[in-house]
Amino acid sequence: VVRGVVHLVAAVTSSLVCLFDIRQPQVPLLRWQHHQEYDPPHHLSISSLPGTPGGSVLLTVNRTWGECVYYQYAAGGREFGPVSLEHPRKLRALADVHASPPGH
């Protein structure tokens, strides 16, 4: 991996949100079921997570309801790909990304 070069790309299907390494796009590194088949995500964005070294989020927004969901992940080290940090959660405010999941 070249420092500062990003090799990740995200995609949305009718039932999944997937994270791929463009150098090996056959199999997703991570995938989540978005449970939004009635109104699949329309917008998808990858962002770094301020205040969390190596942490990133995939943000999805669906067209009809404007529902924003985030999928948090982090680098898994040289030998492993990214790892999911928690279950997807609805985003109501930016502070939600830094909040502990319910029940923790």
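Strands here are DSSP runs of E with at least two residues, helices are runs of H or I with at least four, and both are numbered from the N terminus.

With that in hand, strand 1, residues 8-12, pairs with strand 2 in the antiparallel sense over five bridges. The link from strand 1 to strand 2 is a hairpin of three residues.

Quick housekeeping. This is a predicted model, so to speak of local features we need pLDDT of at least 70, side-chain atom pairs count only at pLDDT 80 or more, and totals for chains, interfaces and linings use all residues. Numbering runs from 1 along each chain as its sequence is written, and side-chain values use heavy atoms, with hydrogens and water left out.

So, the overall picture. The protein has zero helices and eight strands, and along the sequence that reads β-β-β-β-β-β-β-β. Of its 104 residues, 32% count as buried, where buried is under 20% relative accessible area, exposed is over 50% and partly exposed is in between, with a 1.4 Å probe and protein chains only. The protein exposes about 7,000 Å², and carbon and sulfur atoms supply 57% of that; the areas are Shrake-Rupley with a 1.4 Å probe, and for residues only the protein chains shown count as cover.

Now, which residues make up the largest nonpolar core? That would be Ala10, Val17, Leu19, Leu30, Trp32, Leu58, Val69, Tyr71 and Tyr73, nine residues in all. A core in this sense is a set of buried Ala, Val, Leu, Ile, Met, Phe, Trp, Tyr and Cys residues joined through side-chain atoms within 4.5 Å. Strand 2 (16-21), strand 3 (30-33) and strand 6 (68-74) each supply at least two residues of this core, and strand 6 gives the largest share, three residues.

Take Val17 from that list. Leaving aside neighbours within four places in sequence, Val17 is in contact (heavy atoms within 4.5 Å) with several residues, including Leu30, Trp32, Leu58 and Tyr71.

How many aromatic pairs turn up in the whole structure? One. The rings of Trp32 and Tyr71 have centres 5.2 Å apart and planes at 50°, so we call the pair tilted. For the cut-offs, rings of Phe, Tyr and Trp (its six-membered ring) pair with centres within 6.5 Å; planes under 30 degrees apart are stacked, over 60 edge-to-face, and the rest tilted. Trp32 is in strand 3 and Tyr71 in strand 6, so the pair ties together parts 39 residues apart in sequence. Both are buried: Trp32 has a relative accessible area of 7%, and Tyr71 has 0%.

Salt bridges next: the whole structure has one, taking a side-chain nitrogen of Lys or Arg within 4 Å of a carboxyl oxygen of Asp or Glu. Asp21 and Arg23 form it, with the closest N and O atoms 2.6 Å apart. Asp21 is buried at 10% relative accessibility, whereas Arg23 is partly exposed at 45%.

Last stop, Leu59, in strand 5, residues 55-62. Beyond neighbours within four places in sequence, Leu59 is in contact with, among them, His43, Leu44, Val69 and Leu91. Leu59 and Pro88 are 29 residues apart in sequence, and their C-alpha atoms are 9.6 Å apart in space.

Definitions and conventions: Two strands pair if DSSP finds at least two bridges between them.
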